[in-house]
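Welcome! Here is a short tour for anyone meeting this structure for the first time. Please keep the sequence and the 3D view at hand as you read.

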Amino acid sequence: MSLQELETQLRPLFLAALAGDAAAYRLFLDTISTRLRGYLRQMLARAGRTDASEAEDVLQETLLALHLSRHTYDPASPVTAWAHAIARYKLVDHLRRSGRHADALPLEDEAHQYAGPADSAASEARLDLTRAMAALPERTRSLIDRVKLQGATVAEAAQAAGMTETAAKVAIHRGLQAMAKFLSRRGTRPG
């Protein structure tokens, strides 16, 4: 099943589920579970983890997070992208807890596929953000990536960069200010 077909199937189910349809919710969870299970197995294999029960554990954490976070879903965005993002965060958390670094997981992995059809304004905004990040010094870019994109704590990012936590906070703050300035010069307002 293509991603577009999956989105076409899941979106009405999830919207019905949000409106209280328990049968639609069960079908949504069954369908998204199959897709996320494959994704999690693939990503765990990339991290050198091949135990199927590990993927099931992360999947269960993801499904619980989907349930608890269902009020955060924005109906204007693809439900597959929302579910995929939660799965990725749970995967990164799992790898971090188990002593494995999630650095090996590509930031973009399949996320671009889950975002739906290309929207020129959104594509342009992503390109602007990429350029803004590229304009930062490597150390600052790495700190922002770890904390804001990968979900690491400032303390974890500081330790990985060989800095004090205070220095990391200052670098992140200044980096975000530089990005905002870069984006405002380009006429793009950070959201």
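## Helix 3 and its neighbours

Let's start with helix 3, whose buried residues pack against helix 2 (22–46) and helix 4 (79–97). Please bear in mind that this is a predicted model. The buried residues of helix 3 are Glu-54, Ala-55, Val-58, Leu-59, Thr-62, Leu-63, Ala-65 and Leu-66.

How far apart are the end C-alpha atoms of helix 3? They are 25 Å apart, which agrees with the 24 Å that its 17 residues (52–68) should span at 1.5 Å a residue.

Next, look at the largest nonpolar core, which has 30 residues. Phe-28, Ile-32, Leu-40, Leu-66, Trp-82 and Leu-91 touch the most other members. Helix 1 (3–18), helix 2, helix 3 and helix 4 each give two or more residues to this core. Which helix provides the largest share? That is helix 2, with 9 residues.

## An aromatic cluster

The whole structure holds 4 aromatic pairs. In one of them, the ring centres of Phe-14 and Phe-28 are 4.6 Å apart and the planes meet at 45°, so the pair is tilted. Phe-14 belongs to helix 1 and Phe-28 to helix 2, so this pair ties together parts 14 residues apart in sequence. Are these two residues buried or exposed? Phe-14 is buried, with a relative accessible area of 1%, and Phe-28 is buried too, at 0%. Leaving aside residues up to four places away in sequence, Phe-28 touches Leu-10, Leu-13, Phe-14 and Val-79.

Now turn to another pair: the rings of Tyr-73 and Trp-82 have centres 5.5 Å apart and planes at 65°, so they are edge-to-face. Tyr-73 is buried, with a relative accessible area of 6%, and Trp-82 also counts as buried, at 12%. Together, Phe-14, Phe-28, Tyr-73 and Trp-82 form one aromatic cluster.

## Helix 7

Our last stop is helix 7, which has 12 residues (138–149). From its first C-alpha to its last, helix 7 reaches 15 Å, close to the 16 Å expected at 1.5 Å a residue. Its buried residues are Thr-140, Leu-143, Ile-144, Asp-145 and Val-147. After helix 7 comes Gly-151, whose phi is positive, near 85°.

Conventions
Residues numbered from 1 in each chain as written. Predicted model: local features only at pLDDT ≥ 70, side-chain atom pairs only at ≥ 80, totals over all residues. Heavy atoms only, no water. Helix = DSSP H or I, 4+ residues; strand = E, 2+ residues; numbered from the N terminus. Expected span 1.5 Å × (residues − 1). Buried < 20%, exposed > 50% of the residue type's maximum accessible area, 1.4 Å probe, protein only. Contact = heavy atoms within 4.5 Å. Core = buried A, V, L, I, M, F, W, Y, C linked by side-chain atoms within 4.5 Å. Phe/Tyr/Trp six-rings, centres within 6.5 Å; stacked < 30°, edge-to-face > 60°.
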